[in-house]
Amino acid sequence: MSQSHVWHPFTQHALETAIPEIVRTEGAYLHKADGTRILDAISSWWVVTHGHRHPRIIKAIETTAASLDQIIFAGFTHEPAERLAKALVGLAPAGLDWVFYSDSGSTSVEVALKMALGYFRNIGAPRSRIVVMEHSYHGDTIGTMSVGARGVFNAAYEPLLFEVDTISFPAAGREQETLDRFEAVSRDRRAAALIVEPLVLGAGGMLMYPAWVLTELKKIAEASGTLLIADEVMTGWGRTGTMFACEQASISPDILCTSKGLTGGVVPLAATLATDAIFQAHYSVDRKKTFFHSSSYTANPIACAAALANVEIWRDEPVAERVAALSAMQAAGLRRFRNNANFTDRRTTGTIAALDLRTGSAGYLAEIGPKLRAFFLERGLLVRPLGNVLYLLPPYCITGEELDGLYGAIEEAGDRFGSKP
Ligand SMILES: *Cc1c(COP(=O)(O)O)cnc(C)c1O
């Protein structure tokens, strides 16, 4: 290819010079221009659920594009958005009756934060503090970086980030500390909301905590009138074994964010679901109480049709069974490492499996990250470690044989790069 003008995301162009070109995607694979293919073991950054280009989703896009493209969504509506909203309310935890559309995970979280603050202002009891969990990730905009972990990713923007209250990550054996801290910071009733990634903290290193902690956090939030925002951008659509991770804690959050798997990972779309109480706080003849938010591409009809096709796939195909089978295969795959001293902290929640490579250096910028990525790519595998954290988060169409190959490559990587104690 001739000189590129593309500035890639999370890419240090001075170090990554050869960027492969993909010409076709299908199922669990990315096909390169040179005719070889790459097994997509991370669902192209956690978005693809069933597999690339599920025929039913592609068909829905084609059919809808024959009659609709983007239309303004303030003051207008369309069938794909109406039908999808109804379907989402039916699938989400009970009590989330209103659907606000946007176009990415980050915007769905921005919307959630603004809904929470708007709610308290409109009911005449302003609250403006946000409580966050240590090691969280909620997006890359200024607002979502503010509620996420601070580090090398946002050091340059730190002066613009707003202040938050942080509760510790509920590591095994230290869960009570997290709950006590939340109780303490919510006592003065200045916290508008607690925002959490339910069960699995993705970008923070695939850190996992048990469902009962989420159940307890919800109880504490209720007692102090603090809203609970569940950022299910990564965990939704079967990733953790259930449609939404909150189900495993038997809770309904006040606000739920969904994006990555919403269209099966084919086209961008996001939704923020809210309770009727939050909607009613904005429902008024007083225009000042309007929810002042919009993205240009809000509720894109073609994207909504793709999401509807995704919902129909969940309804008509044995997706839940596939998710259960993949979850079992992931647990079995990790058992291979029981006596492998190159790795620590084997963990799995639903279809997500992770383990930490023992190395001299840890953290996202550890040299080991790019080395491992290259190691897997040479073997036709897309695995993108978070520092020394190796994880597999594959599309649900992956086969046992393909998964076996991946675990074999991880063992090999351990032998090559691991440092046994
Ligand atoms: C990826 C992610 C986001 C941000 O989504 P984008 O579509 O990349 O803006 C937010 N929250 C969580 C938990 C995520 O994993």
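1. Residues are numbered from 1 along each chain as its sequence is written. In this predicted model, local features need pLDDT of at least 70 and side-chain atom pairs count only at pLDDT 80 or more, while totals for chains, interfaces and linings use all residues, and side-chain values use heavy atoms, with hydrogens and water left out.

2. Around the ligand stand W46, S104, G105, S106, Y137, H138, G139, E197, D231, V233, M234 and K260, a residue being counted if one of its heavy atoms lies within 4 Å of the ligand.

3. Polar contacts (pairs of N or O atoms within 3.5 Å) include one between a ligand nitrogen atom and an N or O atom in the side chain of D231, at 2.7 Å. An oxygen atom of the ligand lies 2.7 Å from an N or O atom in the side chain of K260, and a backbone N or O atom of G105 is 2.8 Å from a ligand oxygen atom. Of the 380 Å² of accessible area that the ligand has on its own, the protein covers 83% (Shrake-Rupley method, 1.4 Å probe).

4. Helix 3 (residues 79-91) packs against helix 9 (residues 301-316) at an angle of about 40°, with the axes 9 Å apart (helices are DSSP runs of H or I, at least four residues, numbered from the N terminus; axes are lines fitted to C-alpha atoms over the stretch in contact, and angles run from 0 to 180 degrees between N-to-C directions).

5. Helix 11 (residues 368-378) and helix 12 (residues 400-417) pack at about 135°, their axes 11 Å apart.

Definitions and conventions:
Polar contact = N/O pair within 3.5 Å; in protein donor to acceptor, adjacent residues only side chain to side chain. Helix = DSSP H or I, 4+ residues; strand = E, 2+ residues; numbered from the N terminus.
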